[in-house]
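User: Can you walk me through this model? I'd like to start with the pockets.

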Amino acid sequence: MHSQSKWSLAVLVVTSCATLTLAQFPRECVTPEGLRSGQCCPSPTGAAGDECGSSTGRGQCVAIAADNRRHGPQYPYAGRDDRERWPLRFFNHTCQCNGNFSGYNCGRCRHGLTGPNCDQRISVVRRNIMQMSTAEKQAFVNALDQAKRTAHPDLVICTRRYQDVFGPDGNTPQFENITVYNYFVWSHYYSVSKTYLGPGQASFGGVDFSHEGPGFVTWHRFHLLQLERDMQDMLGDPTFALPYWNFAIGGSECDICTDELLGARSSFDMNSISSNSVFSQWRVVCEHVEDYDTLGTICNSTESSPIRRNPAGNVARPMVQKLPEPQDVLECLELNTFDTPPYYSTSSESFRNTIEGYSAPQGMYDPVIRSLHNLAHLFLNGTGGQTHLSPNDPIFVLLHTFTDAIFDEWLRRHQPSELVYPEENAPIGHNRRFNMVPFWPPITNVEMFVSAPEHLGYSYEVQWPARAFTLSEIITVAVVAAVLAVAVVGGVIACAVRVRSYHSAEALEPLLSETFRCYSEDDRRLDKSQSVV
C-alpha cells in the first residue's frame, strides 16, 4: 500500500513537471504488486472484493485468451517482442464483462448503449465536416484542442519494454500520464514500432500490428471509437461524433486545409500551418524513432517539433500530388472479397488491400500504385505522410473516419460472415482472434468486423458516388428504349384500328330492347348454387 502511494505521488510529480501524454493500461493496475501478479481486474466502485463489479453481476476476473494460431512469415522471431500474443507479457487476467457492460472494470456500457443498466440504445451520426455549420466546425476544432491538453482520467503508458518496466531499482514502474489526444497518437506509434533485438543490433522493421494486413480496417475502427468515447467523456456529451473528410474529390486542393478547419498553409513557410490556426501550436510526440530503436526505449511524453504539412507539394512523386477520385471509391466497394492470400500489402482482388491503398482501385496489386487511404496520407506530404507520426496531424482523424465509412458501406453491401476474415496465416497481429495492440481491455480484430449502426452505436451520413454508364451500356439502353417506343406506338395504333372496327360493326346491330334479359329482381331470386354468367 505504501509503495502504491509512492507511485501515485510520482505520477503527480511527472504530471506537474511535463506535458501529460499517452496511455496503455489502467492506472490502478500498474503498481509493482499489480504488474507482478499479472492481474488487472479493478472494481468499478473501488470496493474491496468487488473485482470487475462481480458483486452486482457486471463481470468477473478471467484468464486472458491470446491468439496462438500461425501467423504469416513476415515476422520470423518468437519471444523477442512484447506485443507477441498481446497482452500476456504484461497481464494474464482481465475483466470479462457480462451482458451489455464493458470497460476495463466493467463500469461502462458497450458501444451504442447507455443508462444505469446499459439497456438504452444511443447512436451518433458521423457527418461530412464540409457540410457542418460554422459553429459546429468551431466546436469540433475546440474539442480536438481540448483533447490535446486534457489528461486521460484512467490510463497511463509504459515507456520501457517489459524487461525494464520495473525501473533501475526494480520497484518503480516506468509509466507516465497521458493526454487524450496524445494517447491516440502513441497507440498508433506503438502498433507500428520496430522490434528491438538488443544492443548493437539493428531493430527489425518488418512488423506492423495495424497496417498491411486484414486488421488494418478493424484496428483503425477501434482506434477511432476509443478517441470518440474519450472525447465524449471529456466533453460530457454522449452525442459527440467524429466527422469525416471525404478525401475522394480528386484535384490537388486540400479543402479542409483552412484556418476555419484543420489549418491553412503558412504564408511564411509552405511546409507549416498558418499561425491563425490553433494547430500551428501543436507539437508532435513519438518523433525520435532512431533513438527508440537504438536505445531500446519506447516513445514517452516528450513533445518536440510542430506539425509539418505541404499538401500536393511532393514534386518528386507527381502521382501523390492529387487526391483519389470518387470513381476509386465506387470501384473499391464493388470488390467482393474481403482479403486474399497472403493477406498482406501484396494481395490482389482484396477489398482490404485496396481501401488501404496498396492496390489499384479495381483491386489489382501494383507495387508502384498508392491509392485511396495511402494516397490521401501521402498527398498531405509531411507529418501526416509518415506512419509512426501521422496521427499527430489531426487530419488523420477525419481521413480515417472516411476510410471507416467505406469499410462500413462495404459490410452493408456484401453482408459477409466473420468467416471471411482469415483465422490464421495473416501477418502477426492480424489474425481473426488476435488481441489488437496495444488496446486495453483486450479486444480482437473480429469484434470490430461488424456493421457499425447495429453493433457499435454510430452511423455515417454519406452520399456515395453512383456508377457511370459505359458507352456500350448507353448504346444498349438507347436500343432498348427505341424498341420499347416502337412497340408502344405500334400497340397504340393497333388498338385504335381495333376500336374503330368495333364501332363500325356495332352500328350494324339493333339496339338492346325489352326482349333482352337484364339484371332484375328475377335474377336475384335464382338459386345461388347455379352459376350465372
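Analyst: First, the term. On a 1 Å grid over the protein atoms alone, a pocket is an open set of points where a 1.4 Å probe fits, with protein on both sides within 12 Å along at least five of seven lines; lining residues have an atom within 4 Å of a point. This is a predicted model: local features need pLDDT of at least 70, side-chain atom pairs count only at pLDDT 80 or more, and totals for chains, interfaces and linings use all residues. Residues are numbered from 1 along each chain as its sequence is written, and side-chain values use heavy atoms, without hydrogens or water.

User: Which residues lie nearest the centre of the second largest pocket?

Analyst: Asp-208, His-211, Glu-212, Tyr-358 and Thr-387. The lining has 32 residues.

User: Which elements give two or more residues to that lining?

Analyst: α4 (180-192), α6 (289-295), α9 (372-380) and α10 (395-414). Helices here are DSSP runs of H or I, at least four residues, and strands are runs of E, at least two, numbered from the N terminus. The largest share, four residues, comes from α9.

User: How does the lining of the second largest pocket divide by class?

Analyst: Into 11 nonpolar, 16 polar and five charged residues. Ala, Val, Leu, Ile, Met, Phe, Trp, Tyr, Cys and Pro count as nonpolar, Asp, Glu, Lys and Arg as charged, and the others, Gly among them, as polar.

User: And how much space lies in the largest pocket?

Analyst: About 1200 Å³. It has 42 lining residues, and Ser-102, Gly-103, Pro-441, Pro-442 and Ile-443 are the closest to its centre. The volume is the space filled by probe spheres set on the grid points, which are joined across faces, edges and corners.

User: Which element gives the largest share of that lining?

Analyst: α5, with six residues. By class, the lining has 22 nonpolar, 13 polar and seven charged residues.

User: New topic: Ile-273. Where does it lie?

Analyst: In the loop between α5 (215-235) and β12 (283-285).

User: Buried or exposed?

Analyst: Ile-273 counts as buried, because its relative accessibility is 7%. Buried means under 20% relative accessible area, exposed over 50%, partly exposed in between (1.4 Å probe, protein chains only).

User: What is Ile-273 in contact with?

Analyst: Leaving aside neighbours within four places in sequence, its contacts (heavy atoms within 4.5 Å) are Leu-262, Gly-263, Ala-264, Ser-266, Phe-279, Ser-280, Ile-307 and Arg-309. Leu-262 is 11 residues away in sequence and 8.8 Å away, C-alpha to C-alpha.

User: How many helices and strands does the chain have?

Analyst: 13 helices and 14 strands. Of its 533 residues, 49% count as buried.
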